[in-house]
Amino acid sequence: MGIIAWILIGLLAGFIAKALMPGKDPGGVIITMLIGIAGGLLGGFLGKVIFGVDSIDGFFDVSTWIAAIIGSVILLAIYRLVTGNKRHHSHA
């Protein structure tokens, strides 16, 4: 797949991951797209290591989308843990 296809999959997988994990995230469309692209690569790697399958076959393959979404959800969870809630709450 070409870079344009990865950007498109990344953008959509990132948005789907945010829809599956609602909440405020410090980051806009660019962060979402980067999480999605990296998530697709992570999902493909995990699919190959855990299940022994090539889960990144092509743009229209369901396995590509499932791998990208699962990887994006994992990375979004990690991103939220790392960035945390930067606002400080005062206790009265």
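Me: What makes Gly40 count as buried?

Reply: In this predicted model, Gly40 has a relative accessibility of 1%, and since buried means under 20% relative accessible area, Gly40 counts as buried. The place of this glycine is in helix H2, and its C-alpha atom is separated by 6.8 Å from that of Ile69, although Gly40 and Ile69 are 29 residues apart along the chain.

Me: Why is Ser72 called buried?

Reply: Ser72 is found in helix H3 and has 0% relative accessibility; because the cut-off for buried is under 20%, Ser72 belongs among the buried residues.

Me: Which residues is Ser72 in contact with, once its neighbours within four places in sequence are left aside?

Reply: With those neighbours left aside, Ser72 touches Ala13, Gly14 and Ala17, and also Ile35, Gly36, Gly39 and Gly40, where a contact requires heavy atoms within 4.5 Å.

Me: Why is Ile74 called partly exposed?

Reply: Ile74, whose place is in helix H3, has a relative accessible area of 31%; since buried means under 20% and exposed over 50%, with partly exposed in between, Ile74 is partly exposed.

Me: What makes up the nonpolar surface patch of about 690 Å²?

Reply: The patch is formed by Val62, Ile66, Ile70, Ile74, Ile78, Leu81 and Val82. Residues in a patch must have over 30% relative accessible area, and Ile74, at 31%, therefore passes that cut-off.

Me: Which residues form the largest nonpolar core?

Reply: That core has five residues, namely Ile9 and Ala13 together with Trp65, Ala68 and Ile69. Helix H1 (3–20) and helix H3 (62–83) are the elements that give two or more residues to the core, and H3 gives the most, with three. They are called a core because they are buried residues of the listed nonpolar kinds, joined through side-chain atoms within 4.5 Å. As a general point, nonpolar side chains tend to be buried together in soluble globular proteins.

Me: What is the pattern of the chain, read along the sequence?

Reply: The pattern is α-α-α, and the chain has three helices and zero strands. Of the contacts with a separation of 6 or more, 67% are accounted for by residues 24 or more positions apart.

Me: Which helix has the lowest mean pLDDT, and which the highest?

Reply: Helix H2 (residues 29–51) has the lowest mean pLDDT among the elements of the chain, at 79, whereas H3 has the highest, at 84. Over the chain the average pLDDT is 75, with 77% of the residues scoring at least 70.

Methods
Residues are numbered from 1 along each chain as its sequence is written. This is a predicted model: local features need pLDDT of at least 70, side-chain atom pairs count only at pLDDT 80 or more; totals for chains, interfaces and linings use all residues. Side-chain values use heavy atoms; hydrogens and water are left out. Buried means under 20% relative accessible area, exposed over 50%, partly exposed in between (1.4 Å probe, protein chains only). Helices (H or I, at least four residues) and strands (E, at least two) are DSSP runs, numbered from the N terminus. pLDDT is the predictor's confidence in each residue, from 0 to 100. Patches are made of residues with over 30% relative accessible area and no salt bridge: like charges are joined within 9 Å, nonpolar side chains (Val, Leu, Ile, Met, Phe, Trp, Tyr) within 5 Å. Accessible areas come from the Shrake-Rupley method with a 1.4 Å probe; for residues, only the protein chains shown count as cover. A salt bridge is a side-chain nitrogen of Lys or Arg within 4 Å of a carboxyl oxygen of Asp or Glu.
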